[in-house]
Amino acid sequence: EFRHTPPEGVGWHLMIIWTLSIILTALPGNIFVLWSSIKHNSIHLDNISTILIRHIALSNLGFTVYIASWITLIIKKDNMYPAIICGLFRTWAYFCLITELLLVAALSVSKLTCILSPLRAMARSKGLGRKVAGTAWTISGVWCLSNFLALQFCGDPRVEFREATYDCVVDPGNLVLKRIIRYTRTVIVSCSELVLFVSTVWLCKFVKKITGHLHRQSLITTLLVSATHLMSYIPYALIYYVLRHYILTNSQKDSKHFSVFYSMCTFLILFNCAINPVLYCFTVRSYWLFVRKFFTALCDFVRNGKFELPEEKRSASKFIALHQIAKSNERLRVPEL
């Protein structure tokens, strides 16, 4: 292992500005997605996509909490946490990141199966979406909890301060345990990323074929969420798992270049937890309309001191939808002989 070159001067200030901007964007953005979709039903997509988007926002919100604890280390340029607290923070970060990866992969696969088997997709309910999301949280939680307990009882944990990104990591102190943790994490992440990549490429073939307004919104939302996730994580995986082995056997000059790229790719991951609420404004029309209503009500609150959100007339829209279905069935009815 070589020693990373810590960023100083302008690089250090850029790290603080970038991290603070991510926190100030991701924290209110994901809270707004959860509040608006649960209380006001602002995201009008299919049942499974809506449930998975809520859980993706929840996992991004959890990772934002980890970023808030990380920025103190960047400002201080030194570790201030003991081994068990650092281990808890790292476990929580992996828990949120792996859960978000599994949820995005499930969102992409769900939309693909919905297109390939439309008749079966009509019978899907929100209960199935909750089961899929619960499975993702369970898989990630079992893996993270087992790793944390193994570090505490089977290893000799030592805190190491990573100077390239100013964060702390926990060294298990046991080479076998370290390899088991790294290999299992690599298998889970690689398989999930592969499924996500294949399903995303497959979905691209149906962009021009989908004609329904809501189905097209759901497809474009899934594609953009999956694409931004891949663009945020693939550079880090490439530089950590591929280029790292090349840099370790080369000069110190290459080591400095690796530290710069490693820092950039690490902070690119933070971008993923803040961009999704912005994407929904461009891909989900109902969410964008609710955002406009919210800021209009907020302006009225500043002027008059009254904050009122107009309630959506769900019963009327449901009646119109049922009337359209009945009308289409009337056209298809075969006359009696």
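At what angle do helix α5 and helix α6 pack, and how far apart are their axes? In this predicted model, α5 (residues 126–153) and α6 (residues 175–204) pack at about 170 degrees, with 11 Å between their axes. Angles over 145 degrees count as roughly antiparallel, so that is how α5 and α6 run relative to each other. On the α5 side, the contact involves Trp143, Asn147, Ala150 and Leu151, which meet Leu177, Ile181, Thr184, Arg185 and Ile188 of α6. Sorted by class, this contact comes out at 6 nonpolar, 2 polar and 1 charged residues.

Now for α6 itself. Its 30 residues take it 43 Å from the first C-alpha to the last, close to the 44 Å expected at 1.5 Å a residue. Buried residues in α6 include Leu177, Ile181 and Arg185, each of which also meets α5. Ser192, Glu193, Leu196, Ser199, Thr200 and Leu203 of α6 are buried too.

Over in helix α3 (residues 83–116) sits threonine 99. Threonine 99 has a relative accessible area of 0%, so it counts as buried. Setting aside residues up to four places away in sequence, threonine 99 touches Ala136, Trp137 and Ser140.

As for the nonpolar cores, the largest has 70 residues, and Phe63, Ile74 and Tyr287 have the most contacts inside it. Apart from neighbours within four places in sequence, phenylalanine 63 is in contact with Ala93, Cys96, Leu97, Leu270 and Cys273. There is also a second, separate core of 7 residues, with Leu112, Leu203, Phe206 and Leu223 among them. Leu203 was listed above as one of the buried residues of α6.

Key
Residues numbered from 1 in each chain as written. Predicted model: local features only at pLDDT ≥ 70, side-chain atom pairs only at ≥ 80, totals over all residues. Heavy atoms only, no water. Axes fitted to C-alpha atoms, helices over the stretch in contact; angles between N-to-C directions. Helix = DSSP H or I, 4+ residues; strand = E, 2+ residues; numbered from the N terminus. Parallel < 35°, antiparallel > 145°, perpendicular 65-115°, else oblique. Contact = heavy atoms within 4.5 Å. Nonpolar A, V, L, I, M, F, W, Y, C, P; charged D, E, K, R; others polar. Expected span 1.5 Å × (residues − 1). Buried < 20%, exposed > 50% of the residue type's maximum accessible area, 1.4 Å probe, protein only. Core = buried A, V, L, I, M, F, W, Y, C linked by side-chain atoms within 4.5 Å.
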